[in-house]
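Dear colleague,

Please find below the sequence and structure that I am handing over to you. My notes on the findings follow directly after them.

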Amino acid sequence: PAIERTLILVKPDGVRRGLTGEILRRVEAKGYTLAAVELQHATPDQLATHYAEHEGKPFYAPLVEFMLSGPTLAVIAEGQGVIAGFRSLAGATDPTAAAPGTIRGDMARDWGLKVQQNLVHGSDSPESAEREIAIWFPGR
Ligand code: DAT
Ligand code: MG
């Protein structure tokens, strides 16, 4: 299979809680390569593009507000099957439902807020990965 790239974000909750190292450790332990790692404070424009598919949904505004609440660690990871493989490491979107052994299952929970603070983002297809990498790492 072809080597893929994916965009991973450690969201502001993960940075605030000091979990960036543990999350990157799991990505590397799985055998994926880190091609770029940068702490960024997202802008509203960047998030509008990144989350365009969710515009109009009830959780969209709180999601963007949460993503603006602090720095995010943006990462490009590479490897065969890394797109599906990272989503498998991340676990289900809802941290309460995410299986133990996954990033969300082990380290995230429902804090009673409107937006699930589920620690990480991972691209869901090769097209999304290239689109999202262009947003967070222009030119890469
Ligand atoms: P994922 O991050 O697993 O790809 P997604 O793309 O469907 O999930 O949604 C993007 C983010 O939006 C998700 O990580 C958390 C938030 N979100 C999704 N569905 C939600 C919901 N029903 N209530 C609150 N937040 C939600
Ligand atoms: Mg998604």
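In β3, Ile76 is the bridge partner of Ala36. Strands here are DSSP runs (E, at least two residues) and helices likewise (H or I, at least four residues), numbered from the N terminus. The model is predicted: local features need pLDDT of at least 70, side-chain atom pairs count only at pLDDT 80 or more, and totals for chains, interfaces and linings use all residues. Residues are numbered from 1 along each chain as its sequence is written, while chains are lettered from A and ligands numbered from 1 in the order in which they are written.

The strands β2 and β3 run antiparallel and are joined by seven bridges; two strands count as paired if DSSP finds at least two bridges between them. β3 also pairs with β1 in the antiparallel sense, over eight bridges, and Leu9 stands opposite Ala74 of β3. On β4, the antiparallel pairing with β1 (residues 3-10) extends over three bridges, with Ile8 opposite Gly122.

Taken together, four strands form an open antiparallel sheet in the order β2-β3-β1-β4. Because β2 (33-40) and β4 (120-122) each have a single partner strand, they stand at the edges, and one side of each is left without a neighbour in the sheet. Neighbouring strands are turned by 20 degrees against each other on average, direction ignored. Axes are lines fitted to C-alpha atoms, for helices over the stretch in contact, and angles run from 0 to 180 degrees between N-to-C directions.

Helix α2 (residues 20-29) packs on the sheet and touches β1, β2, β3 (72-80) and β4, its direction making about 165 degrees with that of β1. Contact means that the C-beta atoms of two residues, placed from the backbone, lie within 7 Å. Helix α5 (residues 82-90) also packs on the sheet, touching β1, β3 and β4, at about 35 degrees to the direction of β1.

Turning to α7 (residues 126-136), its buried residues are Ala129, Glu132, Ile133 and Trp136. A residue is buried if 20 or more other C-beta atoms lie within 10 Å of its own. These residues lie on the same side of α7, because they cover an arc of only 105 degrees around the axis, the arc being that of the directions from the helix axis to the C-beta atoms. They pack against β1, β2, α3 (44-50), β3 and α5.

Finally, the unreviewed UniProt entry lists His121 for "active site"; such annotations may be inferred rather than shown by experiment. His121 lies in β4 and counts as buried, because it has 24 C-beta neighbours inside 10 Å.

With kind regards

Notes: A residue is buried if 20 or more other C-beta atoms lie within 10 Å of its own, exposed if 12 or fewer, and partly exposed in between; C-beta atoms are placed from the backbone.
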